[in-house]
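User: I have a model open and would like to go through a few spots in it. Can you take me through them?

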Amino acid sequence: MASAATTRIFEENPANIASIFGAKLDSERTSAGVPIVFLITSGEQEPLKSLVVREGWRFETFESAREFLARPRPRVPSCVILGISPELNCLEQQQTIVRERSEVPIIVISRYADVPTTVQAMKAGAIDFFR
């Protein structure tokens, strides 16, 4: 079941979210294949999946950064979206990804984050943060 908070993020920001994905993914689109958006979250996925599929990109989900990193590196442009939830420590997940795959752009989304968390995520290299 979709959480009201997650659904609201996508209802309020679809153009902004799509433009950030588009700027990163479409500019790097190659003949190798369709860009992939990787979502790491313990929460709702459907609103984001709908947006990604509508833009013509592939979509894969993971429960943790470790699970994502176990996947072979993609040979197409990609980005990671970290969905903050009470069950998932976004900053730890982000640090793990940056340490092992620093080339992958990270976007953070959350209704639970406070200003210090937002600042930390951006300083750690997130390309954007949606609340």
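**An arginine and a ring**

Analyst: The charged end of Arg101 sits over the ring of Phe68, 5.2 Å from its centre (the criterion is NZ of Lys or CZ of Arg within 6 Å of the ring centre and within 35 degrees of the ring normal). This is a predicted model, so local features need pLDDT of at least 70 and side-chain atom pairs count only at pLDDT 80 or more, while totals for chains, interfaces and linings use all residues. Residues are numbered from 1 along each chain as its sequence is written, and side-chain values use heavy atoms, with hydrogens and water left out.

User: Where does Arg101 lie?

Analyst: In the loop between helix 5 (90-100) and strand 4 (106-109). Helices (H or I, at least four residues) and strands (E, at least two) are DSSP runs, numbered from the N terminus.

User: And which side chain of opposite charge is nearest to Arg101?

Analyst: Glu103, 5.1 Å away. Arg101 is buried (under 20% relative accessible area; exposed is over 50%, partly exposed in between, with a 1.4 Å probe and protein chains only) and has no salt bridge. A salt bridge needs a side-chain nitrogen of Lys or Arg within 4 Å of a carboxyl oxygen of Asp or Glu. For charge, Lys and Arg count as positive and Asp and Glu as negative; His and the chain ends are not counted.

User: What is Arg101 in contact with, leaving aside neighbours within four places in sequence?

Analyst: Phe68, Leu69, Arg71, Pro72, Arg73 and Pro74, where contact means heavy atoms within 4.5 Å.

User: Back to rings. How many aromatic pairs are there in the whole structure?

Analyst: A search finds three. Rings of Phe, Tyr and Trp (its six-membered ring) pair if their centres lie within 6.5 Å; planes under 30 degrees apart are stacked, over 60 edge-to-face and the rest tilted. Phe38 and Phe62 form a tilted pair, 5.9 Å centre to centre with 50° between the planes. Phe38 is in strand 1 and Phe62 in strand 2 (residues 58-62), so the pair ties together parts 24 residues apart in sequence. Ring pairs also link Phe38, Phe62 and Phe68 into a cluster.

User: Are Phe38 and Phe62 buried or exposed?

Analyst: Both Phe38 and Phe62 are buried.

User: New topic: how many residues of strand 3 are buried?

Analyst: Six of the six (residues 78-83), so strand 3 is largely enclosed by the rest of the structure. Ser78, Val80 and Leu82 point one way, and Cys79, Ile81 and Gly83 the other.

User: What does strand 3 pair with?

Analyst: Strand 1 (residues 36-40) pairs with strand 3 in the parallel sense over five bridges, and four bridges join strand 3 to strand 4, also parallel. Pairing requires at least two DSSP bridges. Leu82 is the bridge partner of Ile40, and in strand 4 the partner of Leu82 is Val108.
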